[in-house]
Amino acid sequence: MADVLKLEATPDGIYLSSTSKDYTENNVYALLKSNGILRYDFKAIRKFIIDGQRCKVCGRNPALEKDARIVVNVSSDKMSATVTIDPPFFAKPWPTKEEILKAMIDKGIKYGIDNEAIETLVFGQLANEPVTIANGTPPVEGRDAYIELLKDPDKPIEVADDERVDFWNLSTILIVHPGDEVARKHPLIPGTDGYDVTGRAVKVTPSRNIEFDFGNGLKRDDADPLLLIASAEGQLKNTAGRLEVLQELQIHKDINFDTGSIDFTGSVTIKGSVRENFHVNAQGNIDISGTVEGAYIDCGGSLYIHAGVRGTGKAEIKAEGDITLSFCDQCTISSGGIILVQNEILHSNLFARKAVIATRGANSQIVGGKVSAGLEVACNELGTDVGTKTEIFVGLPPDQIIGKDRTSLKKEIEDLRAELERTETNMEYLKGLAVTGDLDEEKRATLINLTRTRLQLQSNIDAKEIELKDIEEKIDSYKGKGIVRVRGNCHPGVVINIRGYAYKVIEPCIYVSFVPDDEKRKIVLQPFNYLAGQLGGAGKQK
């Protein structure tokens with residue numbers, strides 16, 4: 001409105017006039033404010049707005065006729081800066097672009113300056129309004145390289161609660177064929193440094209690289225080095241992030257004198273039975289269609305025995321994963337996961353890191369022997385009406401599963417530390433000879449070898465301490481949990497131990513859960529479905 005409304009200074013005061021009526025009340029007050037006139041004759045201005053006649057808005061006061069003030073503010077992260085003009089009295093000059101730039105430079109601003117914003121501030125005479133006149137360039141974070149598993153052997157099978165599942169025909173073996181795409185590497189994307197308004201670089205965290213870690217049966221694709229493909233047929237296994245293909249072994253007959261015992265690095269499928277005194281060792285899964293007699297089975301994955309175990313007191317069965325079988329009689333079974341038994345568990349010793357479940361069949365029961373689990377034992381019937389002694393233990397995983405690993409690891413770490421101490425003692429002796437000048441070439445070579453040995457020993461100690469920590473964390477995850485469920489009859493003669501609390505069944509009971517009560521320091525009885533699926537065991541029972 002500068003061409004319509006005008007202000008002029010005379011010795012006796014400031015006068016307001018106009019060349020036309022093409023203005024509003026707001027235009028008048030904005031003009032006064034932008035020219036630093038904050039005290040004025042309100043009645044005179046109201047009259048001017050009505051009749052447009054030249055009027056005196058205020059008197060002259062040299063003390064109030066101040067110069068403009070340029071206020072520069074920098075944000076706390078120094079990524080932007082603003083300028084606010086405290087306007088001059090209208091008779092004083094408005095700041096120039098050069099003056100504003102100088103004020104910015106004095107404040108240390110030298111990057112990302114917005115000249116257009118400064119010109120708007122100058123020519124638009126924006127008073128008492130912060131205007132952003134500089135912006136930094138924010139850093140752009142990169143991305144670490146990562147490996148995408150196109151085939152994941154550890155991905156659990158998803159089963160709905162209401163879905164009928166035949167655990168005795170369920171297979172979790174992941175078989176790959178030559179040319180199958182197994183994993184893809186997504187390369188790192190480097191980040192870009194930013195700059196703040198002072199010109200200081202804002203660094204980004206460097207992106208990290210990672211390479212494929214794979215063993216036998218896999219290779220990089222010739223046409224696409226970022227793609228990992230199978231070069232052989234077999235079971236895909238992921239061991240601590242290292243992928244490999246274990247080729248599956250299939251035997252279409254009994255394990256007997258015709259075949260001999262089996263030791264295999266991959267998975268084994270046996271269409272017949274395993275006869276007494278033979279053994280089957282496999283790093284992968286084992287699937288046995290027939291019966292296991294008084295044999296020895298050692299499985300690095302999941303174990304399926306479709307016909308069951310007639311152990312005659314001699315059978316020993318171990319698996320790192322779950323074990324699924326029809327029945328077991330007079331045998332010892334250890335599982336790193338869950339033991340699922342469709343029918344009877346008779347006079348056997350069972351140990352499961354997670355749970356022992358015998359609720360799937362009409363004849364699912366536990367009679368005699370000793371059954372131990374880290375989290376849960378569940379069955380349709382427990383004990384017999386003739387009082388057969390049957391012991392159930394639930395709580396921390398049994399020593400046969402975790403304790404031995406922990407004990408041996410501690411011993412290995414102790415031995416390595418002793419060796420490291422001896423190595424460092426010898427190194428100090430040789431270093432003393434070097435100081436006195438008595439270190440010949442042979443001793444110097446010995447010192448170099450000892451230095452390498454020391455580094456290797458320390459590396460081994462660090463790796464085993466990480467492994468020990470993982471075992472301790474697994475043990476901690478079982479603390480405070482445990483339950484025994486019986487859907488049908490629980491007979492006298494049964495002794496239940498949960499986390500140190502003992503309960504001897506005197507009177508028959510039915511549809512019951514035995515649960516430890518830490519406040520009462522004893523085992524109490526609850527319904528069969530009490531806390532089903534909440535203790536980390538086998539989940540909801542049907």
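Student: Before we start, what should I know about the numbering and the model?
Tutor: Residues are numbered from 1 along each chain as its sequence is written, and side-chain values use heavy atoms, with hydrogens and water left out. The model is predicted, and local features need pLDDT of at least 70, side-chain atom pairs count only at pLDDT 80 or more, and totals for chains, interfaces and linings use all residues.

Student: OK, what's the strand order in the sheet with β4?
Tutor: That open sheet has 3 strands, ordered β4-β5-β6, and the pairing is antiparallel. Strands here are DSSP runs of E, at least two residues long, and helices are runs of H or I, at least four residues long, numbered from the N terminus. Two strands pair if DSSP finds at least two bridges between them.

Student: Which strands are on the edges?
Tutor: β4 (69-74) and β6 (131-135), since each pairs on one side only. From one strand to the next, the twist averages 25°. Angles run from 0 to 180 degrees between N-to-C directions, and axes are lines fitted to C-alpha atoms, for helices over the stretch in contact.

Student: How many bridges join β4 and β5?
Tutor: There are 6 bridges between β4 and β5 (residues 80-86). Asn73, for instance, has Thr82 in β5 as its bridge partner.

Student: Which strands does α3 touch?
Tutor: Helix α3 (residues 97-106) packs on the sheet and touches β4, β5 and β6, with its direction at about 40° to that of β4. Contact means heavy atoms within 4.5 Å.

Student: And where's α4?
Tutor: Helix α4 (residues 115-123) lies across β5 and β6, and runs at about 155° to β6.

Student: What's the angle between α3 and α4?
Tutor: They pack at about 125°, with axes 9 Å apart. That makes α3 oblique to α4, because under 35 degrees counts as roughly parallel, over 145 as roughly antiparallel, 65 to 115 as roughly perpendicular, and the rest as oblique.

Student: Which residues meet there?
Tutor: On the α3 side, Lys97, Ile100, Leu101 and Met104; they meet Asn115, Ile118, Glu119, Leu121 and Val122 in α4.

Student: Switching topic, what's the order in the sheet with β14?
Tutor: β8-β14-β15, an open sheet of 3 strands with antiparallel pairing. Its edge strands are β8 (175-176) and β15 (242-246).

Student: How many bridges do β14 and β15 share?
Tutor: β14 (residues 234-239) pairs with β15 over 5 bridges. Thr239 stands opposite Arg242 in β15.
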